[in-house]
Amino acid sequence: MTDPQLVLTERVQQALANAFGAEYADADPLIRPSQFADFQANVAMSLGKRLRRAPREVAEAISAQMSDFPGTVEVSGPGFLNITLDSSWIAGEAGRMLADPRAGVGQSTPPQRIVIDYSAPNAAKEMHVGHLRTTIVGDAMARTLEHLGHTVIRQNHLGDWGTPFGMLIEHLLDIGEDAAVAQLEAGASTEYYQAARAKFEGDETFKTRSRVRVTTLQSGDPETMRLWHVFMEATIRYFNKLYDMLGVTLTDADIAGESMYNPMLEKTCDDLQAMGVAVISEGALCLFPPGFTGSDDKPLPLIIRKSDGGYGYASTDMAAIRYRVDDLKADRILYVVGADQALHFRMVFAAAEQAGWLPDTVSAEHIQIGMMLGKDGKRFKTRSGASVKLMDLLHEAVDRATAAIDDRGYDETTKAEIAHGVGMGAVKYADLSVSHDSEYVFDFDRMLGFTGNTGPYMQYATARIRSIFRRGEIEAAAVTGPILLGEEAERALALHLLSFGSVVEQVGSLIEPHRLCAYLFEIASLFSTFYEQCPVLKEGVDAETRASRLALCALTLRVIETGLDLLGVPVPDRM
Ligand code: ARG
């Protein structure tokens with residue numbers, strides 16, 4: 001453990017126990033970054049009341065127990081403890097971190113089994129920007145939790161089943177399989193859906209055919225199933241093109257769409273009904289998890305079988321949660337899904353608890369994804385009002401990135417590589433750097449900016465450090481220090497680097513990737529100051545200082561590269 005804030009917490013707790021007795025050993029020392037020192041501990045202020053002593057006196061007593069501490073502790077004002085760490089301690093810890101192949105990131109023992117439900121586009125509609133965000137945030141969390149040593153089970157809960165598939169299959173027969181496949185593979189599923197829908201509304205025989213097709217699909221008729229597969233495979237090829245383009249880790253093996261639960265739905269409903277958790281209300285089989293009421297104060301139903309016998313979204317989610325707990329043996333289930341589904345998930349979780357399908361030992365969490373807005377502050381759309389085709393959006397990001405680096409003299413291949421990395425990095429980082437539950441404005445100009453907390457800025461910061469090693473003809477991985485902290489800018493950078501492990505751990509427990517972005521941005525800024533003030537390769541820098549500064553560069557590089565990798569943000573070699 002190298003995070004100074006954690007080290008200090010432990011050390012002050014020891015002092016508390018020594019000064020006031022063992023019962024104080026787990027009081028929160030309230031360590032915060034300080035303007036006047038590295039940190040301050042505010043515990044004396046609250047403890048004073050409990051001990052009926054002046055806070056300043058309490059602070060003195062704590063500080064008296066910290067004489068062997070590698071730093072200075074000063075009592076200030078009414079009873080704050082200002083704590084400054086010895087530079088030699090910081091340097092030693094930074095050196096240890098440099099030698100650690102995991103750069104101070106711990107590994108959870110025992111590992112948890114974590115199911116992450118993310119991406120989950122609907123096959124009957126175009127994958128839209130909202131799914132872009134659940135895909136990117138979910139993937140960053142999958143990478144981060146895996147790095148923390150957990151067993152991550154990705155579940156792509158595709159919307160691949162339901163009544164619309166009747167008309168979608170009939171439309172496929174009308175236009176011919178080849179034409180349908182070509183259209184779907186190209187990502188024109190919205191047009192496809194709309195064409196089918198228009199016929200459904202305007203053509204009685206088509207409507208009848210579609211209804212019959214729903215029944216044959218549900219009964220598992222082989223030819224209908226074949227057609228459904230043709231439709232789904234083409235659609236999935238399009239999703240995969242997007243995943244490839246984005247560098248998302250989802251594969252076909254992670255697909256666990258709604259259709260997968262189809263064979264379980266009847267038993268799901270029967271079991272819930274048999275244990276009395278599900279009851280018939282107005283002809284439908286409903287769950288009434290406690291604590292949910294509608295505007296009329298009547299209990300709110302979660303319908304798991306419609307009065308016509310059909311199953312829906314809630315039925316599937318009840319089957320899915322049981323499968324994830326019982327079969328996948330999840331310790332933790334994360335649902336990375338739009339914030340507008342919050343009520344649905346609260347009800348599903350409550351009902352699952354009621355049924356005994358979600359024991360206390362398993363946590364189910366809805367990671368709410370805020371809506372993506374256009375520059376006008378409304379739901380993101382094209383000018384014509386249609387939803388935006390994702391592939392076009394991603395290509396536009398790359399085109400704009402190409403324009404931004406056009407004058408840098410790269411050959412075409414290198415330029416294309418960099419532009420791809422910058423474009424995708426910009427889109428992904430923009431999604432990750434704001435808290436996942438807040439709405440945010442999709443703005444190419446801002447996300448592609450080379451300044452501020454953006455993907456390109458972080459990529460540029462990385463490329464800059466790499467170029468130091470390239471110019472010095474030094475292998476960053478071979479640098480060993482030792483680290484010596486003379487200048488303030490060196491010290492500030494090193495001190496901050498020490499928190500990397502605990503930031504990653506926090507991101508994993510709180511599911512807040514934006515904290516990692518904020519941390520990396522801070523590191524990049526501290527590095528900038530360091531690099532302005534502390535020459536590394538310049539002539540006249542003595543060998544020891546040069547070795548130490550190279551070590552700081554190498555450690556910064558490792559932290560930023562690892563961090564961006566956990567976020568799934570690509571890092572072009574140069575920029
Ligand atoms: N397909 C759904 C949508 O587009 C998301 C599915 C999320 N996962 C789940 N288990 N309900 O909104």
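**Figure 1. Composition of the shell around the ligand.** Five nonpolar, four polar and two charged residues make up the shell around the ligand. The model is predicted. The residues that surround the ligand are Asp-117, Ala-120, Asn-122, His-131, His-157, Tyr-313, Asp-317, Tyr-335, Val-337, Gln-341 and Phe-345. Two elements, α12 (313–326) and β10 (332–338), each supply at least two residues of this shell.

**Figure 2. Polar atoms facing the ligand.** Asn-122 places a polar side-chain atom 2.7 Å from a nitrogen atom of the ligand. His-131 has a polar side-chain atom 2.7 Å from an oxygen atom of the ligand. An N or O atom in the side chain of Gln-341 also lies 2.7 Å from an oxygen atom of the ligand. How much of the ligand does the protein bury? Alone, the ligand would expose 350 Å², and the protein buries 90% of that.

Figure 3. Ala-120 sits in the loop between β5 and α5 (129–147). Most residues other than glycine have a negative phi. Ala-120 is not a glycine, yet its phi is positive, about 45°. Is Ala-120 buried or exposed? The relative accessible area of Ala-120 is 18%. The cut-off for buried is under 20%, so Ala-120 counts as buried.

**Figure 4. Glu-282, a positive phi in an exposed loop residue.** Glu-282 lies in the loop between β7 (278–281) and β8 (284–287). Phi of Glu-282 is near 50°, again a positive value in a residue other than glycine. The relative accessible area of Glu-282 is 80%. Exposed means over 50%, so Glu-282 is exposed.

**Figure 5. Strand β10 and its two parallel partners.** β10 supplies at least two residues of the shell around the ligand. β10 pairs with β5 in the parallel sense over four bridges. Within that pairing, Leu-334 in β10 is the bridge partner of Ile-116. β10 also pairs in the parallel sense with strand β11 (residues 363–369), over seven bridges. Here Arg-332 stands opposite Ser-363 in β11. How many residues of β10 are buried? Seven of the seven are, so β10 is largely enclosed by the rest of the structure. In a regular strand the side chains alternate between the two faces of the sheet.

**Figure 6. Helix α10 and the glycine that follows.** What span should helix α10 (residues 222–246) have, and how far apart are its end C-alpha atoms? At 1.5 Å a residue, its 25 residues should span 36 Å. Just after α10 comes Gly-247, with a positive phi of about 70°.

Figure 7. Most peptide bonds are trans. The bond from Thr-109 to Pro-110 is cis, with omega near -10°. Pro-110 is located in the loop between α4 (87–99) and β5 (113–117). Gly-481 and Pro-482 are also joined by a cis peptide bond, with omega about 0°. Pro-482 belongs to the loop between α17 (455–472) and α18 (488–497).

**Figure 8. Arg-491, a buried arginine with a polar contact.** Arg-491 is part of helix α18. The relative accessibility of Arg-491 is 10%, so this residue counts as buried. Which side chain does the side chain of Arg-491 contact? The partner is the side chain of Asp-38, in a polar contact of 2.7 Å.

**Figure 9. Leu-566 and Asp-139.** Leu-566 lies in helix α21 (residues 543–567). With a relative accessible area of 4%, Leu-566 is buried. Along the chain, Leu-566 and Asp-139 are 427 residues apart. Their C-alpha atoms are separated by 8.9 Å.

**Figure 10. The whole chain, for context.** The secondary structure of the chain comprises 21 helices and 13 strands. Along the principal axes, its C-alpha atoms fill a box of roughly 85 × 65 × 40 Å. Of its 575 residues, 52% count as buried.

Conventions: Residues are numbered from 1 along each chain as its sequence is written. Side-chain values use heavy atoms; hydrogens and water are left out. A residue is near a molecule or strand if one of its heavy atoms lies within 4 Å of it. A polar contact is a pair of N or O atoms within 3.5 Å; within protein, one must be able to donate a hydrogen and the other to accept it, and residues adjacent in sequence count only if both atoms are side-chain atoms. Accessible areas come from the Shrake-Rupley method with a 1.4 Å probe; for residues, only the protein chains shown count as cover. Ala, Val, Leu, Ile, Met, Phe, Trp, Tyr, Cys and Pro count as nonpolar, Asp, Glu, Lys and Arg as charged, and the others, Gly among them, as polar. The expected span of a helix is 1.5 Å times one less than its number of residues. Buried means under 20% relative accessible area, exposed over 50%, partly exposed in between (1.4 Å probe, protein chains only). Two strands pair if DSSP finds at least two bridges between them.
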